[in-house]
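Here's a quick briefing to read with the model open in your viewer. It goes topic by topic, with the cut-offs given along the way.

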Protein chains: 2
Amino acid sequence: MNKLAVIALGGNALLKSGQKGTISEQEENIFEACNEVAYLLEQGYNLVISHGNGPQVGNVMLQHEAGFKVFDIPKQPMDICVAETQGSIGYMIEQQMRNVLFERGVKKNIVTLITQVLVSENDPAFKNPAKPVGPYYTVEEKDHMLEQGWKFKEDPRGRGWRRVVASPLPKEISNWEIVEKLAREGNIVITAGGGGIPAYIKKTGRLEGIDAVIDKDLASATLASNIKADAFFIITDISHVMVNFNTPEQKELHNVSVKEMEKHLEDKQFTEGSMAPKVRAGIQFVANGGKETVITDASNLKEENSGTRIN
Amino acid sequence: MNKLAVIALGGNALLKSGQKGTISEQEENIFEACNEVAYLLEQGYNLVISHGNGPQVGNVMLQHEAGFKVFDIPKQPMDICVAETQGSIGYMIEQQMRNVLFERGVKKNIVTLITQVLVSENDPAFKNPAKPVGPYYTVEEKDHMLEQGWKFKEDPRGRGWRRVVASPLPKEISNWEIVEKLAREGNIVITAGGGGIPAYIKKTGRLEGIDAVIDKDLASATLASNIKADAFFIITDISHVMVNFNTPEQKELHNVSVKEMEKHLEDKQFTEGSMAPKVRAGIQFVANGGKETVITDASNLKEENSGTRIN
């Protein structure tokens, strides 16, 4: 039986810093990333792919803002914006992965699912929203939106005010049983894009979207545990996690236990909002019974046992 | 074994004419439509749901236009716009169908797939693009975009120039085998939204998106034939197809053969861009071996043998 892997593609696999986000830039980046990910097929893995959506969902929110100003089109809430990026990015990954497999002569179905992720309304994150999203607003715009319950933080570089939303923990990834079944049958499944569409169960029992951003690596780790994946790959833009970064004692981490990694986290070795959440997601998967998390860049996937391995 | 049905939800099931498209309007419309569609479960059908995206993809294109003007965000091509609406509308249908099943005490998985639909680069429709999409442009804007290969038609009511794109025939619905398998296993599958993301195979063998709009009823009919559905439901805003519409001889059609329906089409009984393409899609399914196409409104689904039936 094939092994099962979850691969979380970072935003930079889709859109490199400095790029504006044209379709041809994104297609080229994604083809390259898929071409590297395909090496895991040669290593006998069945694949589930998740992905970030940072720059894309930022653009969608700006487009909604502009569409409201110019054409009076109602702005849509964040769950809808995330759903839109799951559609567009999922499509691009599916299409480029089809092209990669075509060129390698590999026959596999590739399916992209729109994915809700359950969060708790009582998650403490909702008490202290901290994740900035969308455009910069003027004081007047901010004051107007405060009335509608939005929260804001002032940009430290003076560019205005930015909306902040909660980043609650993922509780359950919708349709993970189907994801597992499809993947174990040999299909490549793309799911949980952008950390998933945040939704919660209301007191009436009905499901509803909520304005929040779920960390895509934590959502992917939760998915990897749900489907009992053998390995969880977090793809970022560096080959290894480093300690003592940017000091003479800078050191690549290769094989690290959960305990050691937790110590490094306590010692604040990793940047919040960047490597720290990836390390936490990596730890979560192994602490919940997963065999191994690998944090590395896409070009390292062709080498077995490369990157930083938490096990 | 359960019977299998494909249900194509018309745009008005999602957004009623006169509504602006806020999230609460759409959620309410979709909950209502799903509540009616759920009667087909009681009649022993497994369900595959497709849907239109007319007003939504129109808004997405306007938002991209405004985002480019206000924030200099690159506009995305039509395949990406369709993919975005598959994400947002698919999500809303999946969520509201979950709520409907919850309230009825029915346990079923509901999965939403992002769906490419293959078209031919040589489809005659590309020689004569006729489907208007996106915003109205001034003469200067039009002339600028003509250089980039866009085609335009002047609005007869003087609102400016509108881009026209081709509406090629759907050749193959991606992942139809998986759709069939999931649906026959009892899962509700949402797929082929907005007629599918138009894509073609380039001379290199690579798959690529193309600026076009695929008729959602024709795409759904093709899907229904692919998965050997027992019935194909086209949901619109009237209970029956009519002949001699708006004359004293106006008559509801109940059970009609393919031959009779083709005769009505020849006699130009149905409006192009409205009922005529639905009738053509309905004929296509039965002519390709399907048992029955039903054209009706959602509230008629609770009655077996209601609506206009082509068989």
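Asn246(B) is exposed, at a relative accessible area of 67%; here buried means under 20% relative accessible area, exposed over 50% and partly exposed in between (1.4 Å probe, protein chains only). Bear in mind that this is a predicted model, where local features need pLDDT of at least 70, side-chain atom pairs count only at pLDDT 80 or more, and totals for chains, interfaces and linings use all residues. Residues are numbered from 1 along each chain as its sequence is written, chains are lettered from A and ligands numbered from 1 in the order in which they are written, and side-chain values use heavy atoms, leaving out hydrogens and water.

- Asn246(B) has a positive phi, near 65°, and isn't a glycine.
- Look for Asn246(B) in the loop between strand E13 (242-243) and strand E14 (251-252) of chain B; helices (H or I, at least four residues) and strands (E, at least two) are DSSP runs, numbered from the N terminus.
- Asp72(A) is another non-glycine residue with a positive phi, near 60°.
- Asp72(A) sits in the loop between H3 and helix H4 (78-104) of chain A, and is partly exposed at 42% relative accessibility.
- As background, most residues other than glycine have a negative phi, and most peptide bonds are trans.

## How the two chains relate

## Strands and sheet

- In chain B, four strands make an open sheet in the order E8-E4-E10-E11, with mixed pairing; two strands pair if DSSP finds at least two bridges between them.
- The edges are strand E8 (172-173) and strand E11 (207-209) of chain B, each pairing on one side only.
- Strand E10 (residues 197-201) of chain B runs antiparallel to E11(B), joined by three bridges, and Ala199(B) has Gly209(B) as its bridge partner there.
- Over in chain A, strand E4 (residues 116-118) and E10(A) run parallel with three bridges between them; Gln116(A) partners Ile197(A).
- E10(A) also has three bridges to strand E11 (residues 207-209) of chain A, this time antiparallel, and Ile201(A) pairs with Leu207(A).
- The E10(A)–E11(A) hairpin has five residues between its strands, and Gly205(A) takes a positive phi near 95° in this hairpin.
- Four of the five residues of strand E10 (residues 197-201) of chain A are buried, so the strand is largely enclosed by the rest of the structure.

## Helix residues and their contacts

- Phe31(A) belongs to helix H1 (residues 23-37) of chain A and is buried at 14% relative accessibility.
- Skipping neighbours within four places in sequence, Phe31(A) contacts Gln96(A), Asn99(A), Val100(A), Glu103(A) and, from the other chain, Arg206(B).
- Gln56(A) is in helix H3 of chain A and is buried too, at 7% relative accessibility.
- Not counting residues up to four places away in sequence, Gln56(A) touches Leu14(A), Leu15(A), Gln26(A), Thr85(A) and Ile89(A).

## Charged pairs

- The whole structure has 43 salt bridges over all chains, each one a side-chain nitrogen of Lys or Arg within 4 Å of a carboxyl oxygen of Asp or Glu.
- One of them joins the side chains of Glu65(A) and Lys75(A) at 3.2 Å, N to O.
- Glu65(A) is in helix H3 and Lys75(A) in the loop between H3 and H4 of chain A, so this pair ties together parts ten residues apart in sequence.
- Glu65(A) is buried at 7%, whereas Lys75(A) is partly exposed at 28%.
- Glu180(B) and Lys228(B) also form a salt bridge, at 3.3 Å, N to O; Glu180(B) lies in helix H6 (residues 176-184) and Lys228(B) in the loop between helix H7 (216-226) and strand E12 (231-236) of chain B, so parts 48 residues apart in sequence are tied together.
- Lys181(A), Glu185(A), Lys181(B) and Glu185(B) are linked in a salt-bridge network.

Methods. Contact = heavy atoms within 4.5 Å.
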